[in-house]
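Here is a briefing on one structure, grouped by topic. Look at the sequence and the fold first, then read on.

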Amino acid sequence: MLKLREEAGRCLLCAEPVCTKSCKHGYDPAAMVRSVWFENKENAASHVNAVVCASCPGECEKSCIHYDRNIRIKEMIAQLPEPEEKHADLSIEFCGIKCENPFFLSSSVVASGYEMCAKALEMGWAGIVYKTVSPFMPKEASPRFACVSDGQETHFEGFRNIEQISEHTVEYDIDVLRRLKKDFPSKVIAASIMGSTDEEWANLAHLCTEAGLDFIECNFSCPHMTAKGLGADVGTNPDLVGHYTKIVKENSEIPVLAKMTPNITNMEIPAAAAVKNGADGIAAINTIKSITGIELSSMAPQPAVNGMSAVSGYSGNAVKPIALRFIHDMAVCEELKGIPISGMGGIETWKDAAEFIALGCTNVQVTTAVMQYGYRIIDDLVSGLSGFLAKMGYENLAQMAGTALSHIINADDIDRDTVSYPKFERKKCLGCGRCYISCFDGGHQAIKFGEDRQPYLVPEKCVGCHLCRLVCPAGAIKAGSRVKNTRRLS
């Protein structure tokens with residue numbers, strides 16, 4: 001049987017897709033495939049008609065321009081579940097500001113000009129945090145992006161950049177922001193700001209307030225500023241975070257967020273310093289300092305600029321586990337109780353966003369996914385999350401916020417008196433022996449590989465670590481019932 005998301009992952013996600021253009025019935029197969037890729041298959045069927053498509057000659061599929069093999073659109077449609085009928089209201093209040101949904105563009109290249117931001121807002125994004133406004137005007141490097149791929153043609157797992165803040169003057173950016181707020185009064189328009197002196201921070205705060213913006217985000221976290229005393233240099237110093245937060249608050253009447261750097265052990269320390277000095281909310285995380293790899297033929301890290309590179313920020317879906325950890329740490333910190341958190345770091349699908357919300361975020365921001373796939377991902381972010389909330393019986397988004405926190409406990413409190421042994425599903429087993437290899441070389445030698453090319457558990461050696469389940473390419477190993485752990489350590 002066709003694996004839906006695997007097939008969707010092959011799609012080139014074209015601009016002006018020819019498959020949709022070739023559909024004589026006016027359906028949108030491209031949107032269907034995209035919905036599957038963004039883990040929104042419950043809504044994918046709404047873009048097509050399974051009955052009509054079953055008897056159709058499949059012009060959409062024939063027109064596919066894939067360089068290898070056409071996407072099997074008809075087979076995908078045949079496997080789709082019925083469309084979700086119920087959808088919940090995603091509106092939520094963040095820092096006292098009404099938002100039509102929790103999805104914002106984060107401060108970056110995806111929110112760096114009037115035309116770009118206006119397009120995103122028209123497509124359904126609830127708000128934007130404009131690319132960092134500052135008197136410091138950087139010279140950008142070329143190239144300045146690199147990626148870490150997971151092998152799929154249309155997807156990279158991690159993304160590295162040496163992109164800096166806005167290259168425009170403060171006056172230019174403030175004018176853009178003023179126009180955006182005037183033209184989109186119901187949307188949330190915010191600015192990220194960064195100064196290097198008290199006077200610069202104060203002036204930027206005053207200008208943002210005067211422009212009628214909804215909130216200010218203080219960039220205490222950019223990991224690769226070329227000038228000292230900016231970005232992450234500030235964010236790792238709680239005294240400076242508190243000092244500049246206080247100055248911004250003293251010069252503005254609108255909510256102020258402090259954007260935290262992950263290039264630190266305990267994010268809650270500078271976050272608490274910001275709140276103590278008036279911050280209304282926290283934004284996290286910014287990108288992680290990294291070197292994503294070396295091109296061994298030249299010994300230059302990527303992206304290489306005339307053979308040279310620098311430590312710089314890493315983002316994309318690969319950083320999500322790290323972001324979630326920091327969100328959790330701040331959500332359970334007593335000094336930050338009740339403080340709104342805007343979460344970011346690896347959000348691509350509605351499921352990613354839901355995880356941040358489950359840990360207490362009431363707003364999420366996206367950059368890297370937009371750089372890969374465009375503003376259009378907002379369709380599946382909204383419909384996917386809305387459908388999930390309705391399915392789970394939540395009346396509103398706020399009810400879900402923080403619901404996962406009670407399931408995260410100290411390592412000392414984890415149940416170590418029971419064990420769940422792996423359960424082999426013979427009909428699904430391919431006989432590859434991957435489970436055997438991993439268990440013998442990286443586990444407890446608790447699996448034997450029979451002459452019939454089937455794995456067999458050695459119960460007296462098994463500790464229920466589930467490494468075998470994770471490496472199985474066929475999904476033929478499941479978690480068994482949890483029983484009392486009678487194994488004795490020798």
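A salt bridge here is a side-chain nitrogen of Lys or Arg within 4 Å of a carboxyl oxygen of Asp or Glu. Glu355 and Lys320 form such a bridge, with their closest N and O atoms 3.1 Å apart. Glu355 lies in helix H15 (residues 350-358) and Lys320 in helix H14 (residues 320-331), so the pair ties together parts that are 35 residues apart in sequence. The model is predicted.

**Salt bridges**

- The structure holds 18 salt bridges.
- Side chains of opposite charge can pair when their charged atoms come close.
- Arg5 is partly exposed, with a relative accessible area of 34%. Glu39 is partly exposed as well, at 23%.
- Glu425 pairs with Lys428 in a salt bridge, and their closest N and O atoms are 3.6 Å apart.
- Both partners are partly exposed: Glu425 has a relative accessible area of 27%, and Lys428 has 41%.

- How many of the six residues of strand E7 (residues 188-193) are buried? Six of the six are, so the strand is largely enclosed by the rest of the structure.
- In a regular strand the side chains alternate between the two faces of the sheet.
- Both faces of E7 are covered. Val188, Ala190 and Ser192 are buried on one side. Ile189, Ala191 and Ile193 are buried on the other.
- Strand E4 (residues 127-133) pairs with E7 in the parallel sense, over five bridges. Ile128 has Ile189 in E7 as its bridge partner.
- E7 is also joined to strand E8 (residues 215-219) by four bridges, and these two strands run parallel. Ala190 stands opposite Phe215 in E8.

**An open antiparallel sheet**

- Four strands make up an open sheet in the order E5-E6-E14-E11, with antiparallel pairing.
- Strand E5 (145-149) and strand E11 (288-290) are the edge strands, and each pairs on one side only.
- From one strand to the next, the twist averages 35°.
- Strand E6 (residues 156-161) and strand E14 (residues 312-315) run antiparallel and are joined by three bridges. Asn161 has Gly313 in E14 as its bridge partner.

**Helix H13**

- Helix H13 (residues 268-276) is mostly covered, with seven of its nine residues buried.
- The buried residues in H13 are Glu268, Pro270, Ala271, Ala272, Ala273, Ala274 and Val275.
- Their cover includes helix H11 (232-235), helix H12 (238-250), strand E9 (256-259), strand E10 (281-284) and H14.
- Gly278 follows H13 and has a positive phi, near 110°.

**Ser108**

- Ser108 lies in the loop between strand E3 (103-105) and helix H8 (114-123).
- Is Ser108 buried or exposed? Ser108 is buried, with a relative accessible area of 12%.
- The side chains of Ser108 and Thr367 make a polar contact at 2.7 Å.
- Leaving out residues up to four places away in sequence, Ser108 touches Val129, Lys131 and Thr367.

**Cysteines**

- How many disulfides does a search of the whole structure find? The search finds zero.
- A disulfide needs two cysteine sulfur atoms within 2.5 Å.
- The closest cysteine sulfur to that of Cys95 is in Cys99, 8.8 Å away, which is too far for a bond. Cys95 is buried, at 16% relative accessible area.
- Cys468 is in no disulfide either, and the nearest cysteine sulfur, that of Cys435, is 6.4 Å away. Cys468 counts as buried at 7% relative accessibility.

Terms used: Residues are numbered from 1 along each chain as its sequence is written. This is a predicted model: local features need pLDDT of at least 70, side-chain atom pairs count only at pLDDT 80 or more; totals for chains, interfaces and linings use all residues. Side-chain values use heavy atoms; hydrogens and water are left out. Buried means under 20% relative accessible area, exposed over 50%, partly exposed in between (1.4 Å probe, protein chains only). Two strands pair if DSSP finds at least two bridges between them. Axes are lines fitted to C-alpha atoms, for helices over the stretch in contact, and angles run from 0 to 180 degrees between N-to-C directions. A polar contact is a pair of N or O atoms within 3.5 Å; within protein, one must be able to donate a hydrogen and the other to accept it, and residues adjacent in sequence count only if both atoms are side-chain atoms. Contact means heavy atoms within 4.5 Å.
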